[in-house]
Amino acid sequence: MVAQTVRSPPRPSDCVVFFTHLWDARIASHFARLKREMEGILPVFLAVHLEPGASLPAGLQPDIVVDGRLAMHLFPARFAACVGHRTGFKPGYVDLLWLAALLQPSLANFDRLWVMEYDVDFSGVWSRFFTEAAGYDADLLATHLRFRRDDLDWVWLNEIADPDDHPDDHIIGLLALARLSRIALSRLALSYRHDRWAGHFELIIPTVISRLGLRVADLGGNGSFTDPSRRGRWYDGTSGLEHDPFGVGTPRSDYFAESPAGYAKGRLYHPVKPGWFSDAS
């Protein structure tokens, strides 16, 4: 009898997409650190929001450029809900841009795609975080996930328009750092093309993905969507408090690589807004 070799299923192919609408020497250094620390671990791509007629800053060579016209072409129903501001987008609709980036043909071979906004930081070596998180199973992996009923004071609730008018299963999250599976991305894009959702994407995306029967999970924290094996991992989970390393408290003005003494080790931080404060403040 010939012994049969049992083969393990292939590991998903992941990538990281660093998304920004701003660019300066400090953000460039932040991105360079991410790319350097991820070398040989996962490919890292730079995606930039640049509106028509604007020029790229000198020396900037992004992998992906997206603008409002592309978002309007891809997601006309969702785009129709976005009232034009000076930048073409109102708060809560940046998903139109970074979903347009994730759907680019250059990323088509990746099974799972991380999106990371420029104001997310990690007080450690990035490869440590992404290597461990590779083992987390979910179609949407995000932070601060909770049901709407558990956060009725969320500031964006009054702008939500659900085509199914079913708020009981609404899920809210923080998606400044998130990972989507290819199937979640594809089905979400289809929903965006046809379903007339309006309002902030950090409720819409987790809710739509969950309604599609796909798995939504928290990468850390202490909420109900967090696997017991990683409770308290990567961030505290007390959203909205200034001491929370991944909440929405007072923005930091320095990245970890610039001022490591002010960070707790091995934690995610958001928001980091270089240039928001003067050197004297």
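**The whole chain**

Among contacts in the protein chain (heavy atoms within 4.5 Å) between residues at least 6 apart in sequence, 69% join residues at least 24 apart. Before clicking further, note that this is a predicted model, where local features need pLDDT of at least 70 and side-chain atom pairs count only at pLDDT 80 or more, while totals for chains, interfaces and linings use all residues. Residues are numbered from 1 along each chain as its sequence is written, and side-chain values use heavy atoms, with hydrogens and water left out.

Switch to cartoon: the protein chain has seven helices and nine strands (DSSP runs numbered from the N terminus, H or I of at least four residues for helices, E of at least two for strands). Now try a surface. The protein chain exposes about 13,600 Å², with carbon and sulfur atoms supplying 53% of that area (Shrake-Rupley method, 1.4 Å probe; for residues, only the protein chains shown count as cover). Of its 281 residues, 51% count as buried (under 20% relative accessible area, with exposed over 50% and partly exposed in between; 1.4 Å probe, protein chains only).

**The sheet**

Select the open sheet of seven strands and trace the order β3-β2-β1-β4-β7-β6-β8; the pairing is mixed (two strands pair if DSSP finds at least two bridges between them). At the edges sit β3 (64-66) and β8 (216-218), each pairing on one side only. From one strand to the next, the twist averages 40 degrees (axes are lines fitted to C-alpha atoms, for helices over the stretch in contact, and angles run from 0 to 180 degrees between N-to-C directions).

Next, show helix α1 (residues 25-37), which packs on the sheet and touches β1 (14-20), β2 (44-49) and β4 (112-117); its direction makes about 175 degrees with that of β1.

**Strand β4**

Zoom in on β4. Six of its six residues are buried, so the strand is largely enclosed by the rest of the structure. Show side chains: R112, W114 and M116 point one way, and L113, V115 and E117 the other. Six bridges join β4 to β1, running parallel, and C15 has L113 as its bridge partner. With β7, β4 pairs in the antiparallel sense over five bridges; look for W114 opposite R179.

**Helix α4 and the cores**

Which residues have the most contacts inside the largest nonpolar core? Select W98 and I205: they hold that place in a core of 52 residues (a set of buried Ala, Val, Leu, Ile, Met, Phe, Trp, Tyr and Cys residues joined through side-chain atoms within 4.5 Å). Helix α4 gives this core its largest share, seven residues. Eight of the eight residues of α4 (residues 95-102) are buried, so the helix is largely enclosed by the rest of the structure.

Leaving aside neighbours within four places in sequence, W98 is in contact with F19, V115, E117, L175, L180, F201 and I205. A second, separate core has 35 residues, including L34, V120, F129 and L268.

**Last stop: T20**

Center on T20 in strand β1. With 1% relative accessibility, T20 counts as buried. A polar atom of the T20 side chain lies 2.6 Å from the backbone oxygen of L22. Not counting residues up to four places away in sequence, T20 touches I27, L46, A47, V48, H49 and Y118.

Terms used
Polar contact = N/O pair within 3.5 Å; in protein donor to acceptor, adjacent residues only side chain to side chain.
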